[in-house]
Protein chains: 2
Amino acid sequence: MERIWTTQLRAHVGKRVRLAGWLQRLRQLSHVSFLILRDGKGTAQIVIEDQELAEQLGRLHAESVLVVEGLAVAEPQAPGGIEVRQPTIEVLSPASAPPPFDLFRPRIKAQLPTILDHAPLALRHPRHRAIFYLSAVSMQGFRSTLRALEFVEIQTPKLVASATEGGANVFAVDYFGRPAYLAQSPQFYKQIMVGVFERVFEVGPVFRAEPHDTPRHLNEYVSLDVELGFIKDHTTVMDVLAQVLRGMLAALHEDAGDALALLGVKLPEVPEKIPALHFAEAQELIFKQTGEDARGEPDLAPQHERWLGEWALREYGSEFLFVTGYPMVKRPFYTHPDPERPKYSNSFDLLFRGLELVTGGQRLHRYEDYLAALASRGLSPEPFEGYLEAFKYGMPPHGGFAIGLERWVARLIEAPNIRETTLFPRDLQRLTP
Amino acid sequence: MERIWTTQLRAHVGKRVRLAGWLQRLRQLSHVSFLILRDGKGTAQIVIEDQELAEQLGRLHAESVLVVEGLAVAEPQAPGGIEVRQPTIEVLSPASAPPPFDLFRPRIKAQLPTILDHAPLALRHPRHRAIFYLSAVSMQGFRSTLRALEFVEIQTPKLVASATEGGANVFAVDYFGRPAYLAQSPQFYKQIMVGVFERVFEVGPVFRAEPHDTPRHLNEYVSLDVELGFIKDHTTVMDVLAQVLRGMLAALHEDAGDALALLGVKLPEVPEKIPALHFAEAQELIFKQTGEDARGEPDLAPQHERWLGEWALREYGSEFLFVTGYPMVKRPFYTHPDPERPKYSNSFDLLFRGLELVTGGQRLHRYEDYLAALASRGLSPEPFEGYLEAFKYGMPPHGGFAIGLERWVARLIEAPNIRETTLFPRDLQRLTP
């Protein structure tokens, strides 16, 4: 008999079915026992009236792997309205020890560090699993939107000879006796590839050796990167970003309904036009309305980002807000200045629910501008030789952005800590599991 | 006016169009000049009769970036049957130097090391670009096939605390003063995730610190990884692999026709049933038919893989051949033995055009079997504690496989060196660009 998923039971009422999965819970009452079987998609209740079978199952630890054949019966009292009766059960793989926490409760009763220590088990909990289903569908929506816009997927090296995003904060690797580094971003490579395909994207790991210990930072995360040529300026990039976000949300609406419902997520809407504020305007607004004077600061403080998020929601009903024109001093050397006000840049951050989700902008595209930008920061062009070749041989005006996948999902489910939306987080303390 | 791709010209004959791209070639004749403009998809011929304009363009280096407006005219003599006349041309971004080789020739006239040194330029050549279009479409076909089979995409960490595929040959990373390693594969994580989603896949970089210097090895490559639970044995995995290959080839047929034609690629067919030989049978066959006695050797030599590839083509008309049951001594510790002949394993390699393309098989799934397997190889279970937790708490019989993306494309286009199908190869000598 073909095995079906628990989520397909409804279509098999009145028939014998074959299920497979994990023994999530066994409740033994005096005359009947209820077994909750969890498979890769959902759970099913199995009713056990055979006393001998119930005793045999009672000797198993939770999480043992079973194959169940039985009759699918509509039963309004059962979870999901269907249960499986008259089962025969095969123990495919018994668990070797009792789990350190129960997976049948609505939430795991343990602190985050314990949950992370036991990720191979904790990720099986339906809520935790649902989070990473949102990640998978988000990636799919990201890619399908970009493919429809004629972008081509690339995979670029993570072992590099020089830092991309600034000299410090890179992990060093012993590369056959030579020093190498882990790429902080695919920035140089995606720009080079604009010279080839014009429009490219990449989904891959990035590495930041920042000794941060905050609920919003990871030392390795998944970056959804986009770069495109023949732009007017950063506003072309912002338009593509808005389309990508709409595509990611549409994919979630279409393919992740169960996971969203389980997690109680209300997806945001991307307005027809995402409101945008220039960095200088944002500082003026914060000063006028809160009395806090951060004018002259080169960046926004986290509490000011939160304030701006609330302001955009209040004024525009938007959970997204673009802040444009960040000061050049706070942006990397490849950033294109605003031709009208060269102390500001043609760049942007996208705030989502009061937190920076995306950074992007227009890049320099003239070889001479790169040489000048490196020189003005006291950097030698030599480590960047390969990268600079792309600009020496003609590059159009271009730009792009990067979305942090874990941060995106964390904001969607409003998780207080980004580790909750990371399969196996890497931070100052944590390198396992 | 909206910019169109050069590949859209045919639909605009008789109209004025706007194109943008790179000055690939300018041929100045006495009364007329021909400019070949290359964009991210193709090329177009621009006819220049204005002498002043021709002189202005003649002062530009090749690869300067232009915007061209003109009239699309059907012209049987022109490449592609259409040309653009009466152009106005804007120089968007002049190249700063003449390229070290021409991109307008059918093939770049330079040796592979020179081509790789100048990858940012060389990848713009239509043939080189087409190769990486095949990579992109292959990834797309891989993912869409697996999603249709209910697999979920995961992204797992590349910074790990212990080697996955054996003790040596790992790159060491300084992780905040502690030792860490670059993952040789997502093996442990994809197995752990079988406990969560049952069926998972990942596309990402893997790192092998092997001091090989061959045309088939890279120190960083893209691995297309699959793992699934509730299998009968390795043959279930082989069936999924055959479906995935069919899906990848179907995607190439559908979306990469131009690239395939340009490269002169004839795609292989995946037979209804891919022929399969047991390792021991393969050795007997080689001995009987070639006289070379490698019986007792624990692996196949490259020349014997080639011979088997030719044999399968001759006997079955198949460019693919499974070799199953490799000796346990040559497989990693997580490999499941053949219950009938425990010196052999429930594993396989897939040979494609005489070269190993895919490795896969069934894995151990019982906690006690892992402890025994580690002990028998003299390995301590401690570094594997997080990984082993997945098995302690119940895992179904499972298995999977990994396809090397660069090797797949190399075999498709029959490239003699895998560096030709790698965007920015990493090897003993090469860490840039």
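In the predicted model, A:Pro271 makes contacts with A:Tyr316 and A:Ser318, leaving aside residues up to four places away in sequence. A:Pro271 lies in the loop that runs between α7 (257-263) and β12 (276-278) of chain A. Its C-alpha atom is separated by 8.7 Å from that of A:Ala242, a residue 29 residues apart from A:Pro271 along the chain. A:Pro271 has 14 C-beta neighbours inside 10 Å and is therefore classed as partly exposed, since a residue counts as buried at 20 or more such neighbours and as exposed at 12 or fewer.

In chain B, 8 strands are arranged as an open sheet with mixed pairing, in the order β6-β10-β11-β16-β15-β14-β13-β12. The edges of this sheet are formed by β6 (152-153) and β12 (276-278) of chain B, each of which pairs on one side only. Strands of a sheet pair through backbone hydrogen bonds, in either a parallel or an antiparallel sense. For β12(B) and strand β13 (residues 320-324) of chain B, the pairing is parallel and extends over 3 bridges. B:His278 has B:Thr324 of β13(B) as its bridge partner.

Chain B is superposed on chain A by a rotation of 180 degrees with 0.0 Å of shift along the axis, at an RMSD of 0.0 Å. This relation is that of a two-fold axis. Within chain B, the C-alpha nearest the axis belongs to B:Val173 and lies 2.3 Å from it. Of the interface residues of chain B, 100% are also interface residues in chain A, so the copies meet through the same surface.

Definitions and conventions
Residues numbered from 1 in each chain as written. Chains lettered and ligands numbered in written order. Predicted model: local features only at pLDDT ≥ 70, side-chain atom pairs only at ≥ 80, totals over all residues. Least-squares fit on C-alpha atoms with pLDDT ≥ 70 in both. Contact = placed C-beta atoms within 7 Å. Helix = DSSP H or I, 4+ residues; strand = E, 2+ residues; numbered from the N terminus. Pairing = 2+ DSSP bridges.
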